[in-house]
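Reader: I'm new to this one. Could you walk me through how to read it?

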Amino acid sequence: MDVNPRRLVGVTAERATHVSSTDFPGHYPNEDHSWNLSQFRQNLKAEVQRLSNRSIEFDIVGVDASIANAFRRIMIAEVPTVAAERVYIFNNTSVVQDEVLSHRIGLVPLNVDPRNLDMKADVEDPGTDRDTIIFRAHILCERNPKAPKGSEDPKELYKNHEFLSSHLVWQPAGEQASLMMKDIGPLNLNIVLAKLRPGQEIEMELHAVKGVGKDHAKFSPVATASYRLHPNIVITKPIPMHRAEEFKNCFAPGVVVVDRVKKVVKIDPKGMRNDTVTREVLRDPEFSDMVQLSRIRDFFIFNVESESAYAPEELLPEAINIMRGKIADIRRSAESLLSTGGDNGGDVPMADP
Amino acid sequence: MSSQTTPKVQIMKGATPNLSAATYQIHDESHTMGNALRWMLLKNPHVEFCGYSVPHPSEPNIQVRIQMYDEHSSLEALLKALGDLDDLCVAVGEKYNESLKAGEFERWVEKS
């Protein structure tokens with residue numbers, strides 16, 4: 001892979017070089033770097049690499065870090081999900097205090113598609129079937145009369161010795177049962193919320209609402225949403241065969257290929273993306289000037305794990321839609337400034353900038 | 001919330017009368033839009049300077065400073081940047097959906 005050196009962030013033993021992007025008008029004399037949509041489209045690549053039921057890996061190539069970072073931040077903090085917001089506790093004689101239990105329940109990911117619900121206009125509003133999902137939980141721990149003698153296993157000694165996420169039961173309200181909603185409940189049915197002993201009881205009602213991660217992390221739809229830059233490794237001088245194995249071990253598995261027949265050591269272009277750029281190779285005095293390490297500044301390898309009702313591949317399109325919504329909001333307001341002729345007298349509540 | 005009373009975009013005191021240099025305060029936005037907008041504004045050759053700041057971490061505002069060459073209007077540059085940023089989002093979304101539809105990627109099953 002031959003990469004334009006302008007796109008590379010150098011990785012040396014002690015520091016990273018050429019970190020900032022240079023694709024701005026006026027940076028290079030006699031070159032036009034102004035915004036050009038058709039050229040951007042030509043250079044842009046957005047490719048899904050791996051997809052599972054819970055996570056996705058995709059590449060976005062040809063965008064600036066500020067754009068990639070905007071998508072990442074929106075996926076974490078602004079794509080809405082549904083989570084328990086109010087917990088009405090009728091009875092709780094477990095050892096877990098009401099507020100601690102409520103907090104734990106809030107963090108349980110729920111299988112409710114947020115696109116089917118409205119965002120509550122005000123948290124103090126009473127809530128309707130369009131914006132609130134109700135769950136109930138009622139569990140009482142008892143002794144098991146048939147427990148084998150001498151047993152010390154709580155599973156055998158007691159009934160209901162654990163309050164699990166599966167004990168949260170959806171109570172369809174209003175139109176909800178007839179609408180598109182189905183399979184509503186926790187995504188993972190085996191989350192232990194509290195441990196119980198005979199005589200302890202929990203009875204509660206939960207009101208789940210739609211919210212965003214910047215308000216509370218429980219609303220974040222992702223477990224992780226991160227990107228890294230594609231590594232770029234170039235061998236500048238032939239690697240001596242007698243040290244080929246040592247050289248290979250300086251990199252992640254699959255990055256270096258040793259061809260014993262042709263007696264050459266090569267970098268596998270496909271395996272290169274898995275390297276972690278540890279700079280181990282630069283610690284060796286002989287290897288350090290045989291190889292050049294770098295990363296590609298505009299090649300973002302995203303890794304997103306969904307922990308919500310969204311399928312992992314739906315998260316980026318959702319983030320893009322939210323970003324477009326934000327742009328439209330700002331544009332509407334900025335256009336209204338245009339009509340007032342940018343009159344900034346008297347309309348400034350802030351102090352001097 | 002105060003978002004009903006606070007306008008989304010305000011021009012701050014100290015802007016030049018023709019808006020060739022102005023600071024815009026954008027309500028309820030953060031680094032997410034600030035940095036993306038700054039980058040797109042700097043792609044405009046008429047922009048002499050552009051920078052943004054989050055004046056205080058617990059206030060949901062950003063301030064975008066724009067200074068233009070040759071008495072161009074910074075407000076028009078801002079609107080152009082917003083339009084271009086929207087085009088960019090559409091382009092990325094289209095490319096991503098194409099790749100997803102083509103289905104030429106590895107699929108695997110992850111256990112919870």
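Author: Let's go from the interface to the strands and then to the salt bridges. This is a predicted model, where local features need pLDDT of at least 70, side-chain atom pairs count only at pLDDT 80 or more, and totals for chains, interfaces and linings use all residues. Residues are numbered from 1 along each chain as its sequence is written, chains are lettered from A and ligands numbered from 1 in the order in which they are written, and side-chain values use heavy atoms, with hydrogens and water left out.

Reader: Okay, how many residues of chain A are in contact with chain B?

Author: Contact means heavy atoms within 4.5 Å. Here 58 residues of chain A touch 58 residues of chain B.

Reader: And what area do chain A and chain B bury between them?

Author: The size of an interface is often given as the accessible area lost when the parts come together. Buried area is that loss with a 1.4 Å probe, summed over both parts. For chain A and chain B the value is about 5600 Å², with 65% of it on carbon and sulfur atoms. On the chain A side, Trp35(A), Val48(A) and Ile330(A) lose the most area to chain B, together 12% of what that side buries.

Reader: How many polar contacts and salt bridges cross over?

Author: A polar contact is a pair of N or O atoms within 3.5 Å; within protein, one must be able to donate a hydrogen and the other to accept it, and residues adjacent in sequence count only if both atoms are side-chain atoms. Between chain A and chain B, 21 residue pairs are in polar contact, both residues being at pLDDT 80 or more. The largest share of chain A's side, 15 residues, comes from helix H6(A). Helices (H or I, at least four residues) and strands (E, at least two) are DSSP runs numbered from the N terminus.

The rule asks for a side-chain nitrogen of Lys or Arg within 4 Å of a carboxyl oxygen of Asp or Glu. It finds five across this interface, including Lys43(B) with Asp23(A) at 3.8 Å, N to O.

Reader: Which strands pair with S3(A)?

Author: Two strands pair if DSSP finds at least two bridges between them. S3(A) runs antiparallel to S4(A), joined by six bridges, and the two form a hairpin with two residues between them. Within that pairing, Glu47(A) sits opposite Asp59(A). S3(A) also pairs with S5(B) in the parallel sense over three bridges; there Arg50(A) is opposite Glu106(B).

Reader: Which side chain meets Asp59(A) in a salt bridge?

Author: Arg273(A) does, at 3.0 Å, N to O. Arg273(A) lies in the loop between S15 and S16 of chain A and Asp59(A) in S4, so the pair ties together parts 214 residues apart in sequence.

Technical notes:
Buried area = accessible area lost by both parts, 1.4 Å probe.
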